[in-house]
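This briefing is meant to be read beside the coordinates, with the sequence at hand. Please follow each group of points on the structure itself.

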Amino acid sequence: MFTTKYDSSRKVWSGRHLAPFHHAGVSLGRAICYTLTYDRRKVAQISHDTGIRTTNGELCDQMLTIASNLTIKGASRDKVIAIVAKNGPLIAPTVFAAFYLAIPVNTLDPNYEKAEITHMFRQTEPGIVFCDHDNYTTVKSAVNEISSKAKIINFGPRISGVENIEDYLVKTGFENSLDSPDVDEKTCGLILCSSGTTGLSKGVNLTHQHMLYLSGIPCFVEHPENGLMLCFSTLYWLSGIMHLLLTTFCGMTRIITTQTFSPELFLSMVAQYKVTHMISAPVHLSSVLECTSLTPTSLVSLREYMVGGSVVPEEKWMRAQDYLPNGFVRIVYGMSEVGFTTRQDYRTQKYCVGKLAPDLQLKIVNSNNQNLGPGESGELCFKPRYRFLGYIANAKATDEMIDDEGFVHSGDIGYMDNDGDLHIGDRLKDILKYCNHHVSPSEIENVICRIEEVEYAAVVGIPDPVVTDLPAALVVLREGANVTANDITQLVAATLSDAKQLRGGVYFVEKLPLTASGKVIKRKLRTKCLCMLVGVSLGRAICYTLTYDRRKVAQISHDTGTRTTNGELCDQMLTIASNLITKGASRDKVIAIVAKNGPLIAPTVFAAFYLAIPVNTLDPNYEKAEITHMFRQTEPGIVFCDHDNYTTVKSAVNEISSKAKIINFGPRISGVENIEDYLVKTGFENSLDSPDVDEKTCGLILCSSGTTGLSKGVNLTHQHMLYLSGIPCFVEHPENGLMLCFSSLYWLSGIMHLLLTTFCGMTRIITTQTFSPELFLNMVAQYKVTHMISAPVHLSSVLECTSLTPTSLVSLREYMVGGSVVPEEKWMRAQDYLPNGFVRIVYGMSEVGFTTRQDYRTQKYCVGKLAPDLQLKIVNSNNQNLGPGESGELCFKPRYRFLGYIANAKATDEMIDDEGFVHSGDIGYMDNDGDLHIGDRLKDILKYCNHHVSPSEIENVICRIEEVEYAAVVGIPDPVVTDLPAALVVLREGANVTANDITQLVAATLSDAKQLRGGVYFVEKLPLTASGKVIKRKVREKAIELYRARHQ
């Protein structure tokens, strides 16, 4: 949505603020790669000329293959790749390959003459040039002209002795391991050609960030779902580039052709492909309206016809609306240095160029460079979020274009009305436009002045309602000259491209109107001739993703049968968010979630993310003491809970005398707000802004057990969670996938289930029911589940289930298992039941996220290779780094550091060392293949059925009994549940305490995972160090001995 705000004190207008969707270091090519893998089967492009339909997957594969070949054959980031070609089927993957390698791309007009190509090549000095078969001779001549060693590669039929694009589609074997370099705010991604006052084109340097921001957020296109967009522009034009990028990032199908526009061809293609979106110049729209083949039903499939690049006559704009019963002809306005700057409101009745694009500032200045207000005409000056890098090899022109405040001077005259809509009037600068082509008068003037008999020449534009400007020349001849108008016309025709021809005529005059300083007054000439456009919240990213395909089913609740689409989920999220704001929610108060996976938990969590309010997810099975402990740390302002655990939650809130508001899911509770109250429309859902976030903004607080006894709050940033889940590299074959996970949002696996399905375009299967192998097998059969995340204990129980058959899991592509040690025998046995998939071990920790993942279909028992942008060091007891094959403590350093434990600086400092590495407390080693192997657990924390169990927490409960002198809790190893908590207890002399007394006390105080299933054993003393610390290793050995003796 485009909006305009006016700052009357500064006299500056601003568009709506939107944080960038992609991280600042992500290249345009890497973002494209991620997007194409979102749905590999979707048709990305249809070539009208060849009939070739290319899917996202095929396009991605072509891109990576071309990129790997370019790398092998010497392409480097310090040499530009030039593209002088029409819209053939292989131009997109070629450009994408360059973007992926972060090599600057310069796109030239394929109709350029030798002189124009030579001029650009002198500036950009390309190392590689891609051209068409038809213009190879011209391109080769230009390369030779500047004595360049640039390699030429042609599209289309082979040319003897010239490399062909097909040579770059040969598999190299390292396509999938090819890295896309990081970029920054100074990395040029695209060089567009822009005509300037110096005569020939200038190279407009645009960054990866700039282009990603323009095209990576689908707010420029109305109703993109299942859309097919047509544009005849080559990649020389900004419109051609935006056609390429908008269709990619908005999930639309791109219709391309190398044929020149004609109204008949356009109408034929609209009818054949049921085109929904069109981008064109006003001259094309005008010719369509005059075409005899146009009927009232010719354009019924069109939802949006974007027209821009030059002035759109009001009469043409109004008349065209009648032919789009299901759409709208929308005027857009922009410039190469900025991008799209304005866009009309959808179905507006006002003739204008519309409101400002996001994160764009506008000032309108007079001839004295003073800012003007609404209704006052002056030069339009734009300041985009990302400044273009300047004109290549032309610092003077750059300095003249950008003022001291960073505003780009457009050279266009216009005014802003009181509604925030921009109106374009005359062109201030001398550059002309013919059929959307920039035409430099001085370039034509220089050609004319090659004739010796010509004394002066001045070129202006005769206004034309269709083509904008008809170039015309006023010429002053020397005395006695014998030059005709035809001589001048023919010279220009032989020297310059079609757009620069003198269609406005040649006029001989005695003198030109000049200023006192001798400059030509072009305005008077025209009269004489007669007349002659980085931090995004997790919630905003989710919102963008859900609007990508609003009709897709995002979630299925097994309990209720409710199917929720992306669009419905997005609407629920925004409605809940708007109600939260209305009812006083604020960013300085945590929202706690103590609930199971019901159908409305996702939009509730998403709403908090959208408002950048920290979310703390607690185990819905927590007892009062555990909830109270977390609430003391996080001090939530709002608590969402289930109907079933409301009493426990309410008791915890009262315990700490909190004023937190409690809202319940499920059946209403008398006197308690219900989630349904937050699904009532407020009226401002669609205007609700998502605040910016930064590297210190907490998005999620997970609960992690630690050595202090009770849970600690792990603070994770929006950036961290976005990076973990926004890149679909953690999921194999996500297309049309259905993922099941029984974990609540208390678990990292539950959070990843929620986020991965959202960002990978998968359907999430949820249930509030407790896992059982029978339920799991039933749900896999019912929904044809393709992906599963579970704990090893669940996998083990499935393998022992009598209902499991060789065909039970045929739909599964990937079964991710982690959270505790996966027995090798179980892992190997499970593979036999996934004929079409793989049981993949993953390893991670709350403070870091997923850290490793096995290679797909590997035969090696391990936890796999490191996640992207993650560093690992393995240290011994003296904190010295170890090498391959050496076991020690695993320490991880992720791209985004967690913010620490809430209200626990001491534990944070103990967890993170001076180098920023998080100490995991796990022992392991890295083999020579880069695969990680996990051994024993270094820290004392136990695991029961994937639950972290703190020994000291249980010990503290036992020690409440006065007769207990010491207690030490350890784990009895179990192949299914990992650890069975067991207690060795030293009683005071004369005590009368039984094992059952202790077992019952723990049962009444702590949750199920912390029960003493390993037993209670009374001993005379505990093994201690010289300093009095309990030697847990020896305690564990004794407990195992006693456990085995008892159970024999």
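Cys60 counts as buried, with a relative accessibility of 2% in this predicted model, and its sulfur lies 3.7 Å from the closest cysteine sulfur, that of Cys33, which is too far for a bond. A disulfide would require the two cysteine sulfur atoms to be within 2.5 Å, and by this rule the count comes to zero disulfides.

**Cysteines**

- Cys250 is another buried cysteine, with a relative accessible area of 1%.
- Cys131 belongs to strand E7 (residues 128–131) and is buried, pointing the same way from the strand as Val129.

**Strand E7 and its partners**

- In which directions do the residues of E7 point, and are they buried or exposed? Ile128 and Phe130 point one way, Val129 and Cys131 point the other way, and all of them are buried.
- On one pairing, strand E5 (residues 81–84) runs parallel to E7 and is joined to it by four bridges, with Ala82 having Val129 as its bridge partner in E7.
- E7 also pairs in the parallel sense with strand E8 (residues 151–154), again over four bridges, and here the bridge partner of Phe130 is Ile153 in E8.

- Nine strands form an open sheet with mixed pairing, in the order E4-E3-E13-E12-E14-E15-E16-E17-E18. Its edge strands are E4 (53–55) and E18 (355–356), each of which pairs on one side only.
- Within this order, strand E12 (residues 228–231) pairs in the parallel sense with strand E14 (residues 277–280) over three bridges, and Met229 stands opposite His277 in E14.

**The sheet from E29 to E43**

- A nine-strand open sheet, also of mixed pairing, has the order E29-E28-E38-E37-E39-E40-E41-E42-E43. Strand E29 (563–565) and strand E43 (865–866) stand at its edges with a single partner strand each, so one side of each is left without a neighbour in the sheet.
- Three bridges join strand E37 (residues 738–741) to strand E39 in a parallel arrangement, where Met739 stands opposite His787 in E39.
- Within strand E39 (residues 787–790), His787 and Ile789 point one way while Met788 and Ser790 point the other way, and all are buried.
- E39 and strand E40 (residues 814–817) pair in the parallel sense over four bridges, with Ser790 standing opposite Val817 in E40, and together with helix H23 these two strands make a right-handed β-α-β unit.
- At the E43 end, strand E42 (residues 849–853) is joined to E43 by two bridges and the two run antiparallel, with Lys865 in E43 as the bridge partner of Arg853.

**Helix H24**

- The buried residues of helix H24 (residues 824–831) are Lys826, Trp827, Ala830 and Gln831. They cover an arc of only 135° around the axis, which puts them on the same side of H24.
- What do these buried residues pack against? They pack against helix H23 (792–799) and strand E41 (838–845).

**Two buried side chains**

- Tyr434 is found in strand E23 (residues 432–434) and counts as buried at 11% relative accessibility.
- The side chain of Tyr434 makes a polar contact of 3.2 Å with the side chain of Arg503. Leaving aside residues up to four places away in sequence, Tyr434 touches Val439, Val467, Asp469, Leu470, Pro471, Asp498, Ala499 and Arg503.
- Thr908 is found in helix H25 (residues 905–911) and is buried, with a relative accessible area of 8%.
- A polar atom of the Thr908 side chain lies 3.0 Å from the backbone oxygen of Asn904, and beyond neighbours within four places in sequence, Thr908 is in contact with Arg897, Gly900 and Tyr901.

How values were computed:
Residues numbered from 1 in each chain as written. Predicted model: local features only at pLDDT ≥ 70, side-chain atom pairs only at ≥ 80, totals over all residues. Heavy atoms only, no water. Buried < 20%, exposed > 50% of the residue type's maximum accessible area, 1.4 Å probe, protein only. Pairing = 2+ DSSP bridges. Arc of directions from axis to C-beta. Contact = heavy atoms within 4.5 Å. Polar contact = N/O pair within 3.5 Å; in protein donor to acceptor, adjacent residues only side chain to side chain. Right-handed = clockwise from strand over helix to strand, strands pointing away.
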